[in-house]
Amino acid sequence: MNHFFPPSARTVSAVTASVLAACCLTACSGGRGEAPAALRVNQVGYASGEKKFAYVMGDRDTLADAEFEVLDERGHTAGHGALGPSLGGWNGTYTAVRTIDLSSLHRTGTYRLRLLGAGGDPEVRFRVAPAGQLLDPLRSDTVRFFGTQRDGEEVLADATGRVPSHLTDERARVYAPSRTGSATGGTAAGPDLTEVGGPVDVSGGWFDAGDFLKFTHTASYVVAQMLTTVRDTPSVPGLREEARYGLRWLDRMWDGETGTLYAQVGLGSGGKGVRGDHDVWRLPEEDDRLTVRPGDADYLIKYRPVFRANDPGEPLSPNLAGRVSAAFALAAQTEAEDHPTEARQWLDKAAAVYARADTRPDEGALVTTTPADYYQEHSWRDDLEWAAVELARGADALGDPRGSGWSGEAAGWARAALREERGGVLGPADVSALAHADVLTSADPDEGLAKALGAELRRQVETGRRRAAGDPFRSGVIPTDFDAVPNTFGLLATAELYARVTGDHRFDDFAAQQRAWVFGANAWGTSFLVGAGDLYPHCLQHQVANLAMSRTGRGDILRGAVVNGPNDAGLLKEPETFDGARPCSFTPDGRKWSEFDGRGAGYVDDVRAWQTVEPADDFTSTALYALSLRAAPRVRKRSARSAAGRPARRGFPSSSPASRGRCG
């Protein structure tokens with residue numbers, strides 16, 4: 001995920017302040033002028049039957065004898081008790097963070113939480129309801145986000161106000177990128193580009209983030225994750241159609257006749273005499289209106305370059321080959337029942353891409369983006385494992401005899417991944433959780449491999465749980481790192497996958513803590529998904545949202561977008577200006593976000609801060625998948641053998657037609 005953009009290319013102009021007039025989440029303590037006490041809850045709500053975590057942060061002495069009270073909708077006391085022990089201080093002002101256990105509340109409804117004995121009696125609202133009731137609206141919102149991200153002719157004007165954009169992508173030219181420079185130090189892919197082919201049709205698809213670049217690396221991850229969600233979880237309105245939209249663009253990026261995969265559309269940062277996507281703040285349709293000639297500074301903004309992942313007919317970087325193949329194979333699975341002919345075509349394309357993978361890549365030779373700093377990746381065996389298991393499942397759905405061979409290859413790649421690579425958090429840089437879970441549930445691994453895969457999934461989640469034990473808000477990620485919020489959703493998805501494939505629910509409480517954190521039970525008291533809860537990002541580092549949508553948090557907002565969240569506070573000290581952006585800065589109740597920064601982590605809701613409030617496709621698809629897994633009915637592990645003793649094909653419950661008879 002790590003989106004490394006040069007500050008000069010990802011920041012915006014001067015800021016104006018606005019004030020939140022909605023529900024107040026903090027209140028000052030009285031008496032001696034101690035630190036204000038602040039209550040932090042899951043603003044989306046707590047699922048019935050799960051552990052429910054809330055926190056109060058304040059002065060250690062002031063909170064020493066404080067208590068809490070919960071009132072129901074009628075004003076009757078529904079709970080009362082002492083605060084839990086301090087989990088540590090957060091910063092010099094908030095010297096204690098103490099827990100509030102709301103787990104005894106099971107009845108569906110809206111409640112009010114009050115702090116007693118600390119002065120000021122701050123009060124917040126929260127809900128308790130079944131998981132699907134809480135999360136289904138958010139799942140729909142994330143699909144809506146991708147509608148705003150659309151490029152090309154098929155934009156959703158009725159929903160987003162968008163108009164067609166980058167129509168020149170229909171006849172784009174192919175370039176060999178500069179081999180010098182990086183995204184963090186000047187010329188990323190400068191004026192010495194060499195045209196090597198074209199025209200090719202790379203129109204459509206989604207913008208990757210707040211800019212207008214399009215990457216096969218992330219789009220394939222997102223499409224595959226979406227289709228996994230379609231296959232394995234309750235339906236989400238519009239999700240299948242949106243996944244098909246991204247799938248059509250991936251199909252354009254693969255030229256089966258020449259064996260060429262195109263990796264990127266657009267130039268990130270330019271150089272001397274050349275401007276790239278990150279050098280201009282505008283609406284995407286403005287690129288089509290430019291009048292330019294070769295050699296003009298903005299020529300590559302209107303006539304966007306395309307970069308290849310491989311020379312025609314040459315082997316493919318295995319990470320890209322794996323995830324593109326997985327996406328095509330998942331399309332075969334989800335279309336198998338209703339459109340079997342089309343499904344077979346997808347399976348054949350998946351097989352062709354998979355077969356072209358370079359299975360002995362040179363060290364440091366993996367292809368992601370141009371430059372590779374935008375998205376870094378160091379593993380690839382997990383991608384091929386993912387491709388092989390989805391090919392096997394696609395073959396299964398279509399009665400294709402190649403399935404058993406691919407199933408064996410999936411097990412082989414799983415062993416190689418366990419031996420050679422150490423899995424991290426689920427995201428574009430590491431898809432091992434998705435691959436391992438599907439091998440466990442569909443490839444019938446032997447007992448030793450099954451045990452090892454389960455242990456690896458457990459280790460990935462356990463790493464987060466160990467981190468959480470030392471964090472006052474029980475966050476399982478490192479809040480000073482990039483991608484804290486999507487990493488949290490990656491942990492959530494992996495915890496749910498682990499429970500599904502093993503029947504071991506040891507991480508359920510940890511997962512509930514992480515959902516609470518990402519939806520407001522954190523130091524800053526904000527949700528990091530736009531439209532979720534009472535307080536969420538207003539001033540996104542997103543050009544369409546900034547120039548054509550509401551900046552007040554109400555009305556036409558970029559609902560469903562997931563942002564980076566907190567980051568290293570040092571990165572936020574010197575925001576730079578960027579011509580063309582509409583000023584936007586928001587603070588809750590007029591207070592500075594920096595009051596809530598701590599332990600080196602900072603957050604700001606400011607259009608200039610791409611480090612904290614730039615949404616991205618992979619952020620949002622990982623959230624969609626994690627929330628969908630939690631919204632699905634929970635089941636225990638199925639037996640690996642049928643009653644007759646024959647191997648039984650295992651899988652998750654699904655509402656998709658292909659699985660009645662699996663994403664990002």
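Glu335 is buried, with a relative accessible area of 5%; buried means under 20%, exposed over 50% and partly exposed in between, with a 1.4 Å probe and protein chains only. This is a predicted model, in which local features need pLDDT of at least 70 and side-chain atom pairs count only at pLDDT 80 or more, while totals for chains, interfaces and linings use all residues. Residues are numbered from 1 along each chain as its sequence is written, and side-chain values use heavy atoms, with hydrogens and water left out.

The side chain of Glu335 meets that of Arg244 in a salt bridge (2.7 Å, N to O). The two residues are 91 residues apart, Arg244 in helix α4 and Glu335 in helix α7 (residues 318-335). Arg244 is partly exposed, at 26% relative accessible area.

## Other salt bridges

A salt bridge is a side-chain nitrogen of Lys or Arg within 4 Å of a carboxyl oxygen of Asp or Glu, and the structure holds 38 of them. Helix α4 (residues 239-253) also carries Arg252, whose side chain meets that of Asp201 in a salt bridge (3.9 Å, N to O). Asp201 lies in the loop between β12 (194-200) and β13 (214-215), 51 residues apart from Arg252. Arg252 is partly exposed at 30%, and Asp201 is partly exposed at 36%.

Asp287 and Arg282 form a further salt bridge, with their closest N and O atoms 2.8 Å apart. Asp287 is buried at 2% relative accessibility, and Arg282 is buried at 4%. A network of salt bridges links Arg231, Asp232, Glu390, Arg393 and Asp438.

## The chain and an open sheet

The protein chain has 17 helices and 20 strands; helices (H or I, at least four residues) and strands (E, at least two) are DSSP runs, numbered from the N terminus. Of its 664 residues, 62% are buried.

Five strands form an open sheet with mixed pairing, in the order β4-β10-β9-β6-β7; two strands pair if DSSP finds at least two bridges between them. β4 (46-47) and β7 (77-82) stand at the edges with a single partner strand each, so one side of each has no neighbour in the sheet. β4 runs parallel to β10 (residues 123-129), joined by two bridges. Within β10, Val128 is the bridge partner of Tyr46.
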